[in-house]
Amino acid sequence: MLSSSEKIGLVFFPAFDWAIEPTHPEREERLLYTQDQVFEEGLLDIEGIVEYKPLIASVEDIRRVHFCVPDELSVTTESHLISAGGAKKIALEVLERNISRGFALVRPPGHHAMRVVHGARGFCNINIEAIMIEYLRQAYGVDRVAIVDTDCHHGDGTQDIYWHDPDTLFISVHQDGRTLYPGTGFTSEYGGPNAAGATINLPLPPHTSEEGFLYVLENAILPILDEFKPELIVNSAGQDNHYSDPITDMHFSAHGYAELTSRLKPDIAVLEGGYSIESALPYMNVGIILALAGMDYSRISEPDYDPDMLRQGPEISRQIKEVVEESLKIWKQGPDMRRKNRREGKLFRRERHIFYDTDRIIEIQRETVRACPECGGMLAIDSQTDRGSRILAVHIPRKACAKCREAGYELYDSTGMEGYNQILLQDRTTDEYFSRK
Amino acid sequence: MIIGLDVGGTHTDAVLIGNGSILRQVKVATDHCNLFDCVLACLDKVTKDVAPEAIGRAVLSTTLTTNAIAEGKLDKIGVVVSAGPGIDPANFHIGDHYYCVSGSIDHRGREVQPLREREIEEIADIFLTQNIRRAAVISKFSIRNPEHELEMARILGRSCDVVVQGHRLSASLNFPRRIATAWLNAAVQPVHKLFFEAVRDSLKSKGFEIPIYVLKADGGTMSFEASIDAPEQTIFSGPAASVLGALPFASYERDTLVLDIGGTTTDIAVFVNRTPLLEPLGGEVAGRRTLIRALKTRSIALGGDSCVEVIDGDLRIGPHRHGPAMAYGGSFPTPTDALFVLGKALHGDADAARRGLRPVADQLETTLEETAQLVLDLSCGKIIRAAREMIEEINRKPVYTVKELLAGYKVEPSEIVVLGGPAPFLAPRIEKLTGIPTCAVPQWNVANAIGAAMAKNTSTVTLFADTERGLALAPEEEFSREVGKDFDRKTALSLACELLRAKCIKAGASESEIDLEVVEDNQFNMVRDFYTVGRNIRVQVQTRPGLISEYLDFTQSMFNCCVLPDTV
């Protein structure tokens, strides 16, 4: 019997009875051919590859990450809870050291879901990686985590959730926001004042191929990870960089994805997007599983794979080089920027419009963060939508100092209900969640 | 009247059943070197002075194919696989004549790379010069498109007498298992065919032209004629006969744990609602995972004859067996000896049993009776732990729909049925340790043969349809048909049921044995560029393992009044 060199875990949950809409890319059929390929290759019979049943994420798990309006169960379906629960299960098995790495092959995805959730954006309702990571921090005391988001779309939800957290490094490599949803993820987005440099965006030009992705990995992602020294590397493993993906324009391949996985060595990979359900996903997922298991993936390829046809031009290589240099510069400047910003008590504000493409909601946010030399800083979000709901959400970070914690409670207690439907408080120091209506 | 015969590791049992009772019971020592004479002697004895026309059927469960594999008494088999991209097929190497060739088919059954005829012709020549007359051909995704296997079989047919094709054996997706299964089929067929033809001819010469059925590893029967093409299904049918023998003592609407405590091993099985659970894909044979449908059983090396010893102050039982209990003339103490010490077992040398356990008691610094209790508690504890692990494993089986995950069905046995020699003595102990009502099967010594006699036919049909490709396929049945865009799940189901009915009848099932059950019933809309282009339909129907209904009602009473065994 074939055996793997690393013991790995898989949660495979194709949700064969769930779709956003019958012809939506996020539909029953999405992982059908992946299942066929994984079964036919006999991957689940390999000694050292264990398949687990997903858990179901709880409301408490969601409340560690999100402010859901009007509440958690109104903006999720069971399928979202299982998808997040699948990631949680894999993470738990890794932390218990029952497996050395794991892959949650689940749907629907989550990386476009931000801290405040009024509905679905980019097919995402709740952020499954963030729910998993905050669970690990709560249950296992994990501190420094790096998320490498390799979905073709900018992981704007995950970026938003960890924007102010200096202990979470978020690196997103994606198709340039000028050419693709959600239109963000430029190098100039590098994190909030208390966490400047802990968000690194690597926007790549359309038609970037295997060569370009691996260049970015070797020259930016791996060196930055090396310096950050995370306890855990999480890969948001979207698979829509594939040359056959119907909604993107990149030239990545199954072999390239396996190679990237094998070099990145994530502790946990979580499936995000990827909608070339017949021509790409079956082969990419087999490649990723073999790469995680430390097995030979050299013979994995798509039926129509032709590396010569996919080669990137010199102009693309040049642009990628520029992006890498720019991001390394930001990474190097991070500590300095943080030092300057984190002067006690100063308040930083930003205002944003957020569009929920899936649910067609427009949200306006006014965000205030307390500059703090000691912690991520108390965060307040005043959020209202074109549907007429308005909330004030107060977030006290996990390692909040006494002053930020106090400021958070004071804001929560002293703000009147006028104009607000709800006032919410997320205290990550005690893992508590409060609401007033 | 019907006949059941079960060849076990130590004994071969046969029963003659009729008029609601066991009319005859025969037990002989199994002669593995001459299985044929052993089976024939048993059949002669059980049919003595019986009018041939009064016998409806005979079901045989043998260790023939299992032993042939264990002893390596198999033909040379040439294996040719065509894999295409994926895991290197060299990893699935089986036998001494294994060849990988070009050609590839994708998950939807479309040809990606054609076969290269020359390659296969060259292999055919090699087989000819090496006198390899039997071959197996397997291609990846052949159950979605068998063309490459058919083509390979056609070319190899020039030099081989028999070419087994993977897609005919199972419609489950698993290329490595398909390779192992096809190889096993090709390898055990000659010995299987020879043996059963000889049995049939010998019975015929004595005037018994009765239908002969063979027991499969999934606890179902198939006619001898049907078994010629599926001999691999008989491998490891061993536990099936006993497990079926326990069936009359299980309740409907309950989960039942079945423990068959033998001399060397204990086999554990589970019934849900009086139906034995099956392995999801297939059983394991000689370290190879296969697509051979099999009862879900777990076997642990612990039985009545397991060796009892003290190592570093700890009491140990098994995994080894060094002959029978001392009470029966053996030279090492066993759990059976513990039963003698406690006066629970008779008809043996109780003094020898006490002599055997005395040193154990001395090392443990306790009394003989206390030691005997400890031995039995430890034995039961080990069996219960293994059963719990097995149930946990069953409950860990992943599900792929939101509905099933939320339903969260779990197997939780609320009764235990025990078979085997020490069963009546261990049952109360197991009940006490688990808190679950436990009963011992009376007349356990014939339960296996009764299980074989009354086993019903099992068959499965898997139908796959892809309306974009305009195709419906039931690979095992060699069935394919063009279908239109209107072909849907309902039509697929009724077609599958039709095919299954025909398959059951071909395998010798009577009308009452055909209780169809839907195992899988899935339809996916295939959407390309936001338009529905077709349906992908997957349907599986089966008949479950169980007992033939004519005898089911009075099986329990049959066990209660039973003739004593004749020995040959």
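Colleague: Leaving aside its neighbours within four places in sequence, what is H251(A) in contact with?

Modeller: H207(A), T208(A), S209(A), Y243(A), L310(A) and Q312(A) are in contact with H251(A). Two residues are in contact if their C-beta atoms, placed from the backbone, lie within 7 Å. This is a predicted model, in which local features need pLDDT of at least 70 and side-chain atom pairs count only at pLDDT 80 or more, while totals for chains, interfaces and linings use all residues. Residues are numbered from 1 along each chain as its sequence is written, and chains are lettered from A and ligands numbered from 1 in the order in which they are written.

Colleague: Why is H251(A) called buried?

Modeller: A residue is buried if 20 or more other C-beta atoms lie within 10 Å of its own, exposed if 12 or fewer, and partly exposed in between, with C-beta atoms placed from the backbone. H251(A) has 23 other C-beta atoms within 10 Å, so it is buried.

Colleague: Where in chain A does H251(A) lie?

Modeller: In the loop between strand 9 (232-237) and helix 7 (254-264). Helices (H or I, at least four residues) and strands (E, at least two) are DSSP runs, numbered from the N terminus. R115(A) is 136 residues from H251(A) in sequence and 32 Å from it in space, C-alpha to C-alpha.

Colleague: Which domains does chain A have?

Modeller: Domain 1 (3-333) and domain 2 (347-436), with bounds from an automatic or database domain assignment. Their centres, taken over C-alpha atoms, are 27 Å apart. The contact between them takes 25 residues from domain 1 of chain A and 28 residues from domain 2 of chain A.

Colleague: What makes chain B as compact as a globular protein of its length?

Modeller: The globule rule is 2.2 Å times the number of residues to the power 0.38, and the radius of gyration is taken over C-alpha atoms. For 568 residues the rule gives 24 Å, and chain B has a radius of gyration of 26 Å, close to that value, so it is as compact as a globular protein of that length. Chain B has 16 helices and 28 strands, and buried residues make up 51% of its 568 residues.

Colleague: How many residues does each chain give to the contact between chain A and chain B?

Modeller: Chain B gives 34 residues and chain A gives 37 residues. On the side of chain B that touches chain A, the largest share, five residues, comes from strand 26 of chain B.
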